[in-house]
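Reader: I have a structure open and would like to learn how to read its features one at a time. Where do we begin?

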Amino acid sequence: MAPRALGFFALFIPTLLFAAPPTTQPIPVHMLVPGFTVRELPVQLTNLNNLEYAPDGRLFAVGYDGRVHVLTDTDNDGLEDTTRVYYSGKPGEIRSPVGMCIRPEGIYIASKGRISLIKDANHDGVADGSEIAAGGWKEISVNVDALGVAIDKDGWLYYGRGCMNFMDPMQTDKDTGEFAAWNRQQEEGTIMRISPDRKSREIVCTGIRFSVGLQFNRDGDLFCTDQEGATWCPGGNPVDELLQIIPGRNYGFPPRHLHQLPGVADEPNIVNFGPQHQSGCGMKFNEETKDRKSFGPAFWEGDALVVGESRGKIWRCPLVKTSAGYVGKPVLIATQDMLTIDCCISPKGDLLICCHTGPPDWGTGPKGKGRIFKISYTDREQPQPTAVWAAGSGEIRVAFDKPVDEAILSESKTLMGGEYVRAADRQESMTPPYVVVTEQRHTPTATVRVSAQQLSQDKRTLVLSTDALPWRSYYSLAIPGVRKVGEKILGSTVDLDFMPTGVEARFQKAGVQAEAPSIWLPHLDSHVSNHWTINSAEHDRFRKDLRDFAGILTLRTALTLEVPPLVSGAKQATLKLQSNHAFTATAGDQQAKATTDGKTFAALLTVNSTATPTPIEIALTKPSDSDVELNVSYHSDIDPNDNEFTQSLATQYMHENMAMTRKMRAQLPKNRDLVQKIHTYGLQPI
């Protein structure tokens, strides 16, 4: 999302109550999983930038025009139907607001040039004044400035500052063309924090472009969304991101450069939202608290919920905290035919989203008509997809948390592949106005034939026999007819996407001669694999055997260090393996036997910067009645900090079985998503 056309002034409007008749417009929200109901709030408001519930149950909304509204449900039908202007302010007071945080002392709002605290001193339900919590800095040239606001348990107030120049973040000298002005001491392009007494502020981290969403999770860790910037600055934020903010780190905008910016190490993202120009905006953690329930199925609890503005998306991001940081992935759960700006969770566990009217990037502006939608989880008996994976070159498996009716087998499945393919692309109705988006749409795709399908005996795993997958790229799978056993309805279409990457796992029980069958795992790290295959019956059985029996667990995959040379320059990565059981590990021709301190077994391996993937194998010996814990992290020759792998690991056996014609290979362009410091082999053609 280019930060443009956001200039406006707050309007002075007296406090009034507004109620609107029920809307007759079509609902532009398309759920990609079953069991949900979408309704529109029957209110008439201009475009909104933020939504949040107060602990007392009132819904607050910050308008694009700078006004703050409070919404209430007067007839107890579950939909807020009446609005009141809570605060309008002085002309020019709240410009381009992007970020709201509700606290006992009032509502903090991030906007152009300031962080405001809106107060209701006499507690009459209408704000009667404001104060500046932070401000006085030099405003950047674009019309957004401060973005996102969050407060930690100790009272420190955090907010983002947009970068000084999104087209030239290094701020090169116009006369000489040499790198000049960018430095890590300037406040632009940072996450900032203000002391609890609001008397001083300091830089938390650098390398931020535009951090629209900013939230702490229940563990006290800070996250933000940051927006794609490679359209204007090659290598800078190639896709929209979810970042964990760690004090003192740098996050890649501008990106590390061997000649112009060699002295920084860019942190990898936790989740990337591709392809380019999703415009990741608002986010909330789907955490149950004393004031609210979580949204959706129980296994969604704890996920980050992120909305994409320019192409109308809602993702849930399952996050796993490991010894080296967080690992996450995007799971698309809904698409919208409107610009989706922010989300929040109601006390009852509904998800609300606010949408702008108009085309990408910023629609109809401050005076345009906005809409709010409430998504409710109303049918908890419907089977939910929990994992999808390529079990071999010609087999795709989809796990559900509950049995699926056999009528699903009478429906045709659609399997598509391509570098820029994602779930439910057919639903995408908006096209951001950039050349790269046009290029995405003209990139070759492949329809893969599904030749047979069956359900497992427990009806919880759908097994599809397919032609060989032609590329190591993204694949989308549309599954119509999903419904609970015995239900006489058409069922829902479930849309998923995946990459043919992962880990081949085999557990050979002690004393058993016949070779054990293999199973797919999404990651080498056991905590990540366990979380990302939760409620998969096939993986539950595997984990039970692994815990109950003695034997040898063998894990096989392949890795490569893959980065643009002028962006990062890392030549070698060191893998750090830790387990509660003895193991040996190999990487290519290296072999390491784990040493122990009496509590933990550990080994180090290296992966060189080469286009050829390095085979990785771990053989772990365990006794009966014991879980397996395996932690995997890495550091590189330019960054000593331990990092978790941020994408699924690639399976070597998939590499051996997949084929691609030379013609197909020539048609597939270089993948623009390959910009993290270390990548798993799996984004390239065979």
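Reader: Is Asn 183 buried, partly exposed or exposed?

Author: The model is a predicted one. Buried means under 20% relative accessible area and exposed means over 50%, with partly exposed in between. Asn 183 has 29% relative accessibility, so this residue counts as partly exposed. Asn 183 sits in the loop between strand S14 (157-161) and strand S15 (190-194). Its C-alpha atom is 9.7 Å from that of Leu 261, although 78 residues separate the two in sequence.

Reader: Where is Lys 459 found, and how does its accessible area class it?

Author: Lys 459 belongs to the loop between strand S34 (450-455) and strand S35 (461-466). Its relative accessible area is 24%, so Lys 459 is partly exposed. Lys 459 and Ala 399 are 60 residues apart along the chain, with their C-alpha atoms separated by 9.3 Å.

Reader: Why does Asp 639 count as buried?

Author: The cut-off for buried is under 20%. Asp 639 has a relative accessibility of 2%, so Asp 639 counts as buried. Asp 639 is in strand S48 (residues 639-644). Along the chain, Asp 639 and Glu 267 are 372 residues apart, while 8.8 Å separates their C-alpha atoms.

Reader: How do I read aromatic pairs, and how many does a search of the whole structure find?

Author: Two rings pair if their centres lie within 6.5 Å, and planes under 30 degrees apart count as stacked. The search of the whole structure finds 14 aromatic pairs. One of them is Phe 36 with Tyr 377: the ring centres are 4.8 Å apart and the planes are at 25°, so this pair is stacked. Phe 36 lies in strand S3 (residues 36-40) and Tyr 377 in strand S29 (residues 369-377), so the pair ties together parts that are 341 residues apart in sequence. Phe 36, at 13% relative accessibility, counts as buried. Tyr 377 is buried too, with a relative accessible area of 10%.

Reader: What are the centre distance and plane angle for Tyr 475 and Phe 498?

Author: Tyr 475 and Phe 498 form a stacked pair, 5.8 Å centre to centre with 25° between the planes. Tyr 475 is in strand S36 (residues 474-482) and Phe 498 in strand S37 (residues 492-498), so the parts tied together are 23 residues apart in sequence. Both Tyr 475 and Phe 498 are buried.

Reader: Which residues form one aromatic cluster?

Author: Phe 36, Phe 295, Trp 300 and Tyr 377 form one cluster.

Reader: Which arginines lie over the face of a ring?

Author: Arg 193 lies over the face of Trp 156, 3.6 Å from the ring centre. Arg 209 lies over the face of Phe 253, at 5.6 Å from the ring centre.

Reader: How does the span of helix H3 compare with what it should be?

Author: Helix H3 (residues 537-548) has 12 residues and should span 16 Å at 1.5 Å a residue; its end C-alpha atoms are 16 Å apart, which agrees. The buried residues of H3 are Ala 537, Glu 538, His 539, Phe 542 and Leu 546.

Definitions and conventions:
Residues numbered from 1 in each chain as written. Predicted model: local features only at pLDDT ≥ 70, side-chain atom pairs only at ≥ 80, totals over all residues. Heavy atoms only, no water. Helix = DSSP H or I, 4+ residues; strand = E, 2+ residues; numbered from the N terminus. Expected span 1.5 Å × (residues − 1). Buried < 20%, exposed > 50% of the residue type's maximum accessible area, 1.4 Å probe, protein only. Phe/Tyr/Trp six-rings, centres within 6.5 Å; stacked < 30°, edge-to-face > 60°. Lys NZ or Arg CZ within 6 Å of the ring centre and 35° of its normal.
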